Amino acid sequence: MFSLVYRSIARPGFDLDQIQGMLSKAKTFNHQQNITGCLLFYEGEFIQYLEGNQFKVLTLFDKIKEDKRHEKVELLSHGEIEKRAFETWDMAFENFYGENEQISHLKLVVSNYLLHKELHTTLHPSKAIFWETIGAVLYAKSST
């Protein structure tokens with residue numbers, strides 16, 4: 001089993017309806033390829049965690065890097081994992097727009113992780129980077 005985390009910036013004009021269309025196709029493809037993961041979209045920025053067979057995940061990431069709907073694709077982490085973190089999700093998706101109950105809850109979860117990292121020593125580095133990046137994006141964008 002293999003995991004990969006990346007972040008990218010949505011190109012101007014790539015709106016929520018288009019994201020939902022992309023996500024619908026991605027769920028079907030990911031299910032067929034046995035790839036699971038989580039995609040977060042917040043104020044124009046994507047952060048995605050993918051997991052599955054290494055060859056299939058890396059092949060998908062190659063396609064993602066070429067996708068013109070976003071830019072500045074940055075690989076944050078990758079590596080072997082013992083088990084899936086998002087086993088039952090072809091692709092979980094959250095669109096966090098402005099301050100709301102979901103954002104407040106996510107900030108609470110992320111801040112709890114960040115405050116107590118030492119308790120999460122068994123967390124795979126890719127998962128840790130995923131949560132730390134989400135925290136950095138949430139807190140950076142909410143303080144501007």
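This is a predicted model: local features need pLDDT of at least 70, side-chain atom pairs count only at pLDDT 80 or more; totals for chains, interfaces and linings use all residues.

Residues are numbered from 1 along each chain as its sequence is written, and side-chain values use heavy atoms, with hydrogens and water left out. The chain has four helices and five strands, where helices (H or I, at least four residues) and strands (E, at least two) are DSSP runs numbered from the N terminus.

**Fold and burial**
- Read from the N terminus, the order of the elements is β-α-β-β-α-β-β-α-α.
- Of the 144 residues of the chain, 40% count as buried, a class that means under 20% relative accessible area, with exposed meaning over 50% and partly exposed lying in between (1.4 Å probe, protein chains only).
- Met1, in the segment before strand 1, is partly exposed at 44% relative accessibility; Met1 and Ile35 are 34 residues apart in sequence, and their C-alpha atoms are 10.0 Å apart in space.

**Largest pocket**
- The largest pocket has a volume of about 400 Å³; of the 19 residues that line this pocket, Met22, Ala26, Ile64, Asp67 and Arg69 are the closest to its centre.
- The search uses a 1 Å grid over the protein atoms alone, and a pocket is an open set of points where a 1.4 Å probe fits, with protein on both sides within 12 Å along at least five of seven lines, while lining residues have an atom within 4 Å of a point.
- Grid points are joined across faces, edges and corners, and the volume is the space filled by probe spheres set on the points.
- The elements that give two or more residues to the lining of the largest pocket are helix 1 (16–33), strand 3 (45–52) and helix 2 (54–66), and helix 1 supplies the largest share, six residues.
- By residue class, the lining of the largest pocket divides into twelve nonpolar, three polar and four charged residues, with Ala, Val, Leu, Ile, Met, Phe, Trp, Tyr, Cys and Pro counted as nonpolar, Asp, Glu, Lys and Arg as charged, and the others, Gly among them, as polar.

**Salt bridges and a polar contact**
- The structure holds four salt bridges, each being a side-chain nitrogen of Lys or Arg within 4 Å of a carboxyl oxygen of Asp or Glu.
- One of them joins Arg11 to Glu71, with the closest N and O atoms 2.8 Å apart; Arg11 lies in the loop between strand 1 (2–10) and helix 1 and Glu71 in strand 4 (residues 70–80), so this pair ties together parts that are 60 residues apart in sequence.
- Arg11 is partly exposed at 35% relative accessible area, and Glu71 is partly exposed at 26%.
- Lys65 and Asp62 also form a salt bridge, at 3.2 Å from N to O, and they are about one helical turn apart because three residues separate their positions in helix 2.
- A salt bridge with a distance of 2.6 Å between the closest N and O atoms links Asp67 and Arg69; Asp67 counts as buried at 18% relative accessibility, whereas Arg69 is partly exposed at 34%.
- Ser8, in strand 1, is buried with a relative accessible area of 1%, and its side chain makes a polar contact with the side chain of His70 at 2.6 Å.
- A polar contact is a pair of N or O atoms within 3.5 Å; within protein, one must be able to donate a hydrogen and the other to accept it, and residues adjacent in sequence count only if both atoms are side-chain atoms.

**Backbone**
- Most residues other than glycine have a negative phi.
- Asn34, which is not a glycine, has a positive phi of about 60° and is found in the loop between helix 1 and strand 2.
- Lys72, also not a glycine, has a positive phi of about 55°; Lys72 is found in strand 4 and counts as exposed at 65% relative accessibility.
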